Amino acid sequence: MERSAQASTNNEEELLDTESLSYVSKAAATEEATSTDGEVLLKMVGIHKWFGRVHALRGVNFAVHRGEVVGLCGDNGAGKSTLIKVASGYHTADAGQIFFEGREVKLRSPKDARALGIETVYQEQALCPHLSIARNIFMGREPTTVLGLIDQRTMNEESMQALASMGLRLRSPHALVSALSGGQRQGVAIARAIHFKAKLVILDEPTIALSVKEVREVLDFVRHLRDQGVAVVFITHTLHHVFSVADRIVVLAHGCNLVDVRTKDTDVDELSDIIARGTLGDVVPTTQHAR
Ligand SMILES: Nc1ncnc2c1ncn2[C@@H]1O[C@H](COP(=O)(O)OP(=O)(O)OP(=O)(O)O)[C@@H](O)[C@H]1O
Ligand SMILES: [Mg+2]
C-alpha cells in the first residue's frame with residue numbers, strides 16, 4: 001500500500017461538497033448501468049491506468065451491486081489497489097467510465113468519492129494513531145457548536161454509538177488509536193464509514209497482519225456492513241477470508257479481468273489455482289459468471 005495514498009486520505013479535511021461533482025450523460029449512463037442489473041451501485045467500464053510505461057489497468061470492468069460484498073483478488077501487481085484507488089478518487093483513470101447509482105461521475109479527488117458515499121479504508125494508516133477514537137471518526141468532518149467550536153460532546157457520543165452499533169465496545173472515545181489492536185483500528189475506520197452513511201465501503205487488505213481473533217472481528221464488521229445494506233469491496237490475498245464473506249469474487253491478472261464468479265459457484269482450490277496461473281488456461285469456467 002502506498003504511503004502517499006494513505007496520507008492523502010488522512011489529510012482529507014475538507015467538508016463534503018456534492019456540488020463539485022460533475023455528472024455527464026445521465027440518461028445514457030442510467031441505461032448502461034441498469035441494462036444488466038437494476039441494483040448496480042458502482043460500475044466501472046473499460047478502465048485504463050498507466051504509470052509511466054506500466055500499463056496497470058488494461059480496460060478493466062468492475063461492478064458492485066447495492067448491499068453486495070465483492071471480494072477483489074489477484075496476484076501481487078494485478079491492479080487491485082489501482083482499481084480501487086480509481087474508484088476512491090485517488091487516481092484518475094486514463095480511459096474508461098465510472099457510473100454511480102446510474103449516473104456517470106468524474107472522481108477528481110477522494111472528496112468527490114466520499115461525497116457520493118464511497119469510503120475507502122486502507123490498512124493501518126486509515127487512522128491517525130496519536131488522535132483519539134472520536135477525533136479519528138470525525139476527522140475532517142467535525143461537528144461544530146453554534147459558536148463554531150468543535151462539538152466534542154457530540155463527537156464522543158456519536159462515535160461510541162457508531163462503534164456499539166457494530167458490536168465494538170471500546171472503553172472511551174478519548175482513548176488514543178495507538179492503544180488499539182489492529183482489528184479494533186479496522187473497526188474504528190469502518191464505524192467512521194457507517195456513521196457517515198457510506199453506500200460503498202472499500203477495504204484494501206483489511207486482514208493483513210491481524211491475529212486470528214482480529215481477522216474474525218473484521219470479517220464480522222464486513223457482515224455487519226452488509227446487514228445494514230452497505231456494499232463492500234474487500235481486497236485480500238487470503239481466499240478463505242474472502243470466501244467467508246463475499247457474495248461474488250472478481251479476480252484480476254496483469255491489469256485485466258480474469259474471473260467474475262458467484263462465491264457459491266466456486267471454491268478456494270479452484271480460485272487459488274487460477275490466481276497462481278494468472279490465466280484460466282484450459283480450465284473453464286463452469287464457474288465463471290459472466291456479467
Ligand atoms: N503509484 C505508482 N507508480 C508506479 N507504478 C505503480 C503505482 N501504483 C501501482 N503501480 C504499478 O501498477 C501495477 C499494479 O499495482 P497495484 O498496486 O494496483 O497491484 P495490486 O494488485 O494491488 O498488488 P498487491 O497485491 O501487491 O497489493 C504494478 O505493476 C505496480 O508496480
Ligand atoms: Mg494492493
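Beyond its neighbours within four places in sequence, Lys199 is in contact with Leu41, Gly117, Val230 and Ala231, where contact means that the C-beta atoms of two residues, placed from the backbone, lie within 7 Å. This is a predicted model, in which local features need pLDDT of at least 70 and side-chain atom pairs count only at pLDDT 80 or more, while totals for chains, interfaces and linings use all residues. Residues are numbered from 1 along each chain as its sequence is written, and chains are lettered from A and ligands numbered from 1 in the order in which they are written.

Lys199 lies in the loop between H7 and E8, helices (H or I, at least four residues) and strands (E, at least two) being DSSP runs numbered from the N terminus. Its C-alpha atom is separated by 8.0 Å from that of Leu116, although the two residues are 83 apart along the chain. Because 19 other C-beta atoms lie within 10 Å, Lys199 is partly exposed; a residue is buried if 20 or more other C-beta atoms lie within 10 Å of its own, exposed if 12 or fewer, and partly exposed in between, with C-beta atoms placed from the backbone.

The loop between H7 and strand E8 (200-204) also holds Lys197, which has a positive phi of about 60° although it is not a glycine. Lys197 counts as exposed because it has 10 C-beta neighbours inside 10 Å. Another non-glycine residue with a positive phi, near 50°, is His254, found in the loop between strand E10 (248-253) and strand E11 (256-262). His254 is partly exposed, with 15 other C-beta atoms within 10 Å.

Val268 belongs to helix H10 (residues 268-277) and is exposed, with 12 other C-beta atoms within 10 Å. Leaving aside neighbours within four places in sequence, Val268 is in contact with Leu239, His240 and Phe243, and its C-alpha atom is 9.5 Å from that of Thr238, a residue 30 apart from it in sequence.

**Helix packing**

H7 takes part in two helix pairs that are described here, with H8 and with H6. Axes are lines fitted to C-alpha atoms, for helices over the stretch in contact, and angles run from 0 to 180 degrees between N-to-C directions.

| Helix pair | Axis distance | Angle |
|---|---|---|
| H7 (residues 182-195) and H8 (residues 212-227) | within 8 Å | roughly 15° |
| H6 (residues 152-165) and H7 | 9 Å | about 105° |

H7 and H8 are therefore roughly parallel to each other, whereas H6 and H7 are roughly perpendicular; angles under 35 degrees count as roughly parallel, over 145 as roughly antiparallel, 65 to 115 as roughly perpendicular and the rest as oblique.

From H7, the residues Gly182, Gly183, Gln186, Gly187 and Ile190 meet Glu214, Glu217, Val218, Phe221 and Leu225 of H8. By class, this contact of H7 with H8 has four nonpolar, four polar and two charged residues, where Ala, Val, Leu, Ile, Met, Phe, Trp, Tyr, Cys and Pro count as nonpolar, Asp, Glu, Lys and Arg as charged, and the others, Gly among them, as polar.

On the H6 side of the other pair, Glu158, Ala162, Leu163 and Ser165 meet Gly187, Val188, Ala191, Ile194 and His195 in H7. The contact of H6 with H7 divides into five nonpolar, three polar and one charged residues.

Which residues come nearest to ligand 1? Of the 12 residues around ligand 1, these are Phe51, Ala56, Asn76, Ser81 and Thr82, a residue being near a molecule or strand if its C-beta atom, placed from the backbone, lies within 6 Å of it. Strand E3 (54-65) and helix H3 (80-87) are the elements that give two or more residues to this shell, and H3 gives the most, with three residues. The shell is made up of four nonpolar, six polar and two charged residues.

H3 is mostly covered, with eight of its eight residues buried, among them Lys80, Ser81 and Thr82. After H3 comes Gly89, whose phi is positive, near 80°.

**The protein overall**

The secondary structure of the protein comes to 10 helices and 11 strands, and of its 291 residues, 43% count as buried. Among the contacts with a separation of 6 or more, 71% are accounted for by residues 24 or more positions apart.
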